[in-house]
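Please read the report below alongside the sequence and the model.

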Amino acid sequence: MDEKETLHRYLRARRDDLLGKLDGLSEYDVRRPLTPTGTNLLGLVKHVASVEVDYFGVVFGRPSGRHLTWLDEGAVPDADMWATADESREDIIELHRFAAAHSDATIEALPADAPGVVPWWPDDRRNVTLHQILVHMVTERAHHLGHADILRELIDGSAGQRPGDPNLTRRSAEEWAAHRAAIEAAARQA
């Protein structure tokens, strides 16, 4: 597998992981802000889909043809980071899938060294390659997936990429409580 295929595989996996964070949650739980800055699960999905449309579209002269009003000049700041009451979960998931299909078409059509221009980046960095944007978007998705991991754990205690995630230590609820208490005690002692 070459480098472009490897990065594309990781991008697809992070897409699936992020959507999986919505599974089994109520409409309220996917939307509710859980940090002082308003971070929420559905907003993270909306944000990364919005960003991906432009990075694999506009940057490579392959606009998606989809107008995202929340990115317009004069739009409410950070409108891409939350879903309005009129935007359904299905709308946001459909946008996510649309962005993925559009991005996949660009990735498959272009070589890794294909040139692009990121018009919203500073002049000294705006000339890029598909390889750079793949790395950027895998990183962007992983960054926001980390946020989603924490939000999901705060909502219902679900941790890891999926039930039975082998990367997590197996503990009962009582064992997790004791583990957390030990960390809390160490923090207070320090």
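## His-8 in helix α1

His-8 has its place in helix α1, where helices are DSSP runs of H or I with at least four residues, numbered from the N terminus. With a relative accessible area of 5%, His-8 is buried, a term that means under 20% relative accessible area, while exposed means over 50% and partly exposed lies in between (1.4 Å probe, protein chains only). Leaving aside neighbours within four places in sequence, His-8 is in contact with Asp-104, Ile-107, Glu-108 and Leu-134, contact meaning heavy atoms within 4.5 Å.

## Basis of the model

This is a predicted model, in which local features need pLDDT of at least 70 and side-chain atom pairs count only at pLDDT 80 or more, whereas totals for chains, interfaces and linings use all residues. Residues are numbered from 1 along each chain as its sequence is written, and side-chain values use heavy atoms, with hydrogens and water left out.

## Helices α1 and α4

Helix α1 (residues 3–20) packs with helix α4 (residues 89–109) at an angle of about 180°, their axes being 12 Å apart; axes are lines fitted to C-alpha atoms, for helices over the stretch in contact, and angles run from 0 to 180 degrees between N-to-C directions. The two helices, α1 and α4, are therefore roughly antiparallel to each other, the word used for angles over 145 degrees. From α1 the contact takes Lys-4, His-8, Leu-11, Arg-12, Arg-15 and Leu-19, and from α4 the residues include Ile-93, His-96, Arg-97 and Asp-104. By class, this contact of α1 with α4 has five nonpolar, three polar and six charged residues, with Ala, Val, Leu, Ile, Met, Phe, Trp, Tyr, Cys and Pro counted as nonpolar, Asp, Glu, Lys and Arg as charged, and the others, Gly among them, as polar.

Helix α4 has 21 residues and reaches 30 Å from its first C-alpha to its last, close to the 30 Å expected at 1.5 Å a residue, the expected span being 1.5 Å times one less than the number of residues. Among the buried residues of α4 are Arg-89, Ile-92, His-96, His-102 and Asp-104, and the buried residues of this helix pack against α1, α2 (27–31), α3 and α5.

## Helices α3 and α5

The axes of helix α3 (residues 41–55) and helix α5 (residues 130–156) come within 10 Å and cross at roughly 175°, and α3 and α5 are therefore roughly antiparallel to each other. Among the residues that make the contact are Leu-41, His-47 and Tyr-55 of α3, together with Ile-133, Met-137 and Ile-155 of α5. The contact of α3 with α5 has eleven nonpolar, four polar and four charged residues.

Helix α5 has 27 residues and reaches 38 Å from its first C-alpha to its last, close to the 39 Å expected at 1.5 Å a residue. Following α5 is Gly-157, whose phi is positive, near 85°.

## Nonpolar cores

Of the 18 residues in the largest nonpolar core, Tyr-55, Phe-56, Leu-130 and Ile-133 touch the most other members; such a core is a set of buried Ala, Val, Leu, Ile, Met, Phe, Trp, Tyr and Cys residues joined through side-chain atoms within 4.5 Å. To this core α1, α3 and α5 each supply at least two residues, and α5 gives the most, with five residues. A second, separate core of 17 residues includes Leu-25, Val-30, Leu-41 and Leu-145.

How values were computed: Parallel < 35°, antiparallel > 145°, perpendicular 65-115°, else oblique.
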